[in-house]
Amino acid sequence: MSEKVIKLGVVGLGRGTAIARELFTIPGTRLVAACDHNPEILEKGYKELSELSGYDIIKLSDYDELLKCDIDAVIVATEAVYHVPVVKKAMEAGKHVLSEIPSVNSVEEARILKECCNAHPELIYMAAENCCFWAFIETWKKMHEQGLFGDISYAEAEYLHALDPEEFAPDNYPPGHWRTINPAVKYLTHELGPLLYIMNDKCVSVSGMEADTVYNPYFPDIKSTGVALIKTEKGAVIRILVSFGAYTSYDHNFRICGTKGAIETGRLEVVDDAYSYANLQSIPGTFSKKIEIPVNSAYAGESKEGHGGADHKMVAEFVRCLKTGEKPVLDVDFAINMSLPGVLAHESAVNGGTAIEIPRF
């Protein structure tokens, strides 16, 4: 008997095109339909996906029509501010969901998303936090599970991703693009998600501060640099810096400090090429001299495309969960716990940095 083919649709063909094209290298899947309300983005994404697939894909501008298609799941990659209402519609239509981040944009959205998933326990919801699938993140997670770091007391990560200011021009972005709406610190899941994934921990409170400097001349009121300071359930402290307003192009820097070891990414190269460096109690002589851990974002022998291969690993994990019925690690609770700290860090910053308790649902 042949294996059941998982049929999927994608909504949002900016980021969504890059995610959906990973399906063409995953056995037992078929992309049925592609949707976007922006005609130019729809045409561009549809053309790329059709050429890669080699078969006819349904092209739609109406999301309700996508949900009427014969599909099992939806890849939600719309503008950042619309994820929850689009996810809710998909699940109410009986579709599994892989949702881009940030998973939620407010406490109320977190409540709505949790209630929606509770109302549909037969459906799988997974957050599309691709950075959890980087090779070095998987390596650090295994090292922590082996006890090499001991109890983690502190972790930090930085997302630096500025552009030439002229590239911020409104004409370069569709309405609702995250760079034109959200303060930078709300976009911290690329750092916080992997740290929580490694630490197997949850956030309990957060305080935030944001810089008043202006880097983006087109959206001067949007805070382009912010820091979140988080306390976790296990008693660790996490610091996250997100800056789209510093003169540095692109990088992700990570560090973990534990009672038996510490590890960090090198900073001479961007994360795609940077190895890790560690001090480990289990290896004599490394207390005062770091050792190189030769792994970066990409998996050995695999392409660096798709964020170092992380996009492929992420989509493959979603498909595996659909086929087995297993609950993904990046489920709704994980999604909320890595997204709300950014929302509340901004609220804290507006109120002078006062710590805010992170609600549980």
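The model is a predicted one, in which local features need pLDDT of at least 70 and side-chain atom pairs count only at pLDDT 80 or more, whereas totals for chains, interfaces and linings use all residues. Residues are numbered from 1 along each chain as its sequence is written, and side-chain values use heavy atoms, with hydrogens and water left out.

Of the 19 residues of α11, 15 are buried, so the helix is largely enclosed by the rest of the structure (buried means under 20% relative accessible area, with a 1.4 Å probe and protein chains only). At serine 339 α11 bends by about 25 degrees, and proline 341 follows within four residues; the bend is the angle between axes fitted to the seven residues ending there and the seven starting there. After α11 comes glycine 352, whose phi is positive, near 85 degrees.

An open sheet of nine strands, with mixed pairing, has the order β14-β13-β12-β11-β7-β10-β9-β8-β15, where strands pair if DSSP finds at least two bridges between them and are themselves DSSP runs (E, at least two residues), as helices are (H or I, at least four), numbered from the N terminus. The edge strands, β14 (291-293) and β15 (356-357), each pair on one side only. Strands β9 (residues 225-232) and β10 (residues 237-243) pair in the antiparallel sense over seven bridges, and leucine 229 stands opposite arginine 239 in β10.

Notes: Buried < 20%, exposed > 50% of the residue type's maximum accessible area, 1.4 Å probe, protein only.
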